[in-house]
Amino acid sequence: MENALENSIKEWRWFLKHSVPGCRFRDRYHRRQQAGRGRSMFRRACYVALGTAIAIGSLALAPLPGPGWGTFFVGSGIVAGEVWHVARLLDRGEVKLRKALQHTKGVWDTSAPALRVLIALTISPGVIASVYGTYQVFSLASFVR
């Protein structure tokens with residue numbers, strides 16, 4: 001188990017450090033395919049199932065405080081190591097997301113402090129409402145049992 005964890009950590013560090021944005025997931029796919037030539041289809045299917053479960057679970061729990069979206073991308077990355085089309089989709093998405101975040105950061109950096117406060121005050125009620133709504137859903141679910 002420790003060896004598998006160490007290998008996973010090493011793989012993700014290489015992924016972030018040596019791959020170029022827009023090609024990371026396809027590079028990971030190719031490395032996984034070359035490294036696992038003797039792997040069975042069952043093992044590959046287990047990786048896809050694990051990654052899918054992590055991604056869907058992360059989406060379901062996204063409104064709650066915690067890792068949420070980060071674990072969604074980890075789950076998607078696991079699936080991308082086994083499925084070429086998912087790897088391509090994530091590479092495209094990464095490039096678009098980086099552009100959008102750079103644009104947003106530029107707008108944030110050039111905006112007045114009063115506008116920043118207004119943005120924060122606008123977003124805060126939505127976050128509070130989603131946390132409260134999630135709490136209500138889970139408390140209602142426990143009441144129904």
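Predicted model: local features only at pLDDT ≥ 70, side-chain atom pairs only at ≥ 80, totals over all residues.
Colleague: Which residues of α5 are buried?

Modeller: They are Ala87, Leu90, Asp91 and Glu94.

Colleague: And what covers them?

Modeller: The covering elements include α2, residues 24–35, and α4, residues 69–80.

Colleague: At what angle do α2 and α4 pack?

Modeller: The angle is about 45°, and the two axes are 9 Å apart. Because angles under 35 degrees count as roughly parallel and those from 65 to 115 as roughly perpendicular, α2 is described as oblique to α4.

Colleague: Which residues make that contact?

Modeller: From α2 there are Phe25, Arg28 and Tyr29, and from α4 there are Gly77, Ile78 and Ala80. Of the residues in this contact, four are nonpolar, one is polar and one is charged.

Colleague: Which residues are buried in α4?

Modeller: The buried residues are Phe72, Gly75, Ser76, Gly77, Ile78, Val79 and Ala80. Gly77, Ile78 and Ala80 also take part in the contact with α2.

Colleague: Let us turn to Glu82. Where does it lie?

Modeller: Glu82 is in the loop between α4 and α5.

Colleague: Is Glu82 buried or exposed?

Modeller: Glu82 is buried, because its relative accessible area is 4% and the cut-off for buried is under 20%.

Colleague: What does Glu82 touch, leaving aside residues up to four places away in sequence?

Modeller: Glu82 touches Tyr29, Arg32, Gln33, Arg39, Arg44, Tyr47 and Val48. With Arg32 there is also a polar contact of 2.8 Å between the side chains. Tyr29 is also one of the α2 residues in the contact with α4.

Colleague: One last topic: which helix holds Val131?

Modeller: Val131 lies in helix α6, residues 113–144.

Colleague: Why does Val131 count as partly exposed?

Modeller: Its relative accessibility is 33%, and partly exposed covers values between the 20% limit for buried and the 50% limit for exposed.

Colleague: How far apart are Val131 and Asp91?

Modeller: Their C-alpha atoms are separated by 31 Å, and the two residues are 40 residues apart along the chain. Asp91 is one of the buried residues of α5.

Note on methods:
Residues numbered from 1 in each chain as written. Heavy atoms only, no water. Buried < 20%, exposed > 50% of the residue type's maximum accessible area, 1.4 Å probe, protein only. Helix = DSSP H or I, 4+ residues; strand = E, 2+ residues; numbered from the N terminus. Contact = heavy atoms within 4.5 Å. Axes fitted to C-alpha atoms, helices over the stretch in contact; angles between N-to-C directions. Parallel < 35°, antiparallel > 145°, perpendicular 65-115°, else oblique. Nonpolar A, V, L, I, M, F, W, Y, C, P; charged D, E, K, R; others polar. Polar contact = N/O pair within 3.5 Å; in protein donor to acceptor, adjacent residues only side chain to side chain.
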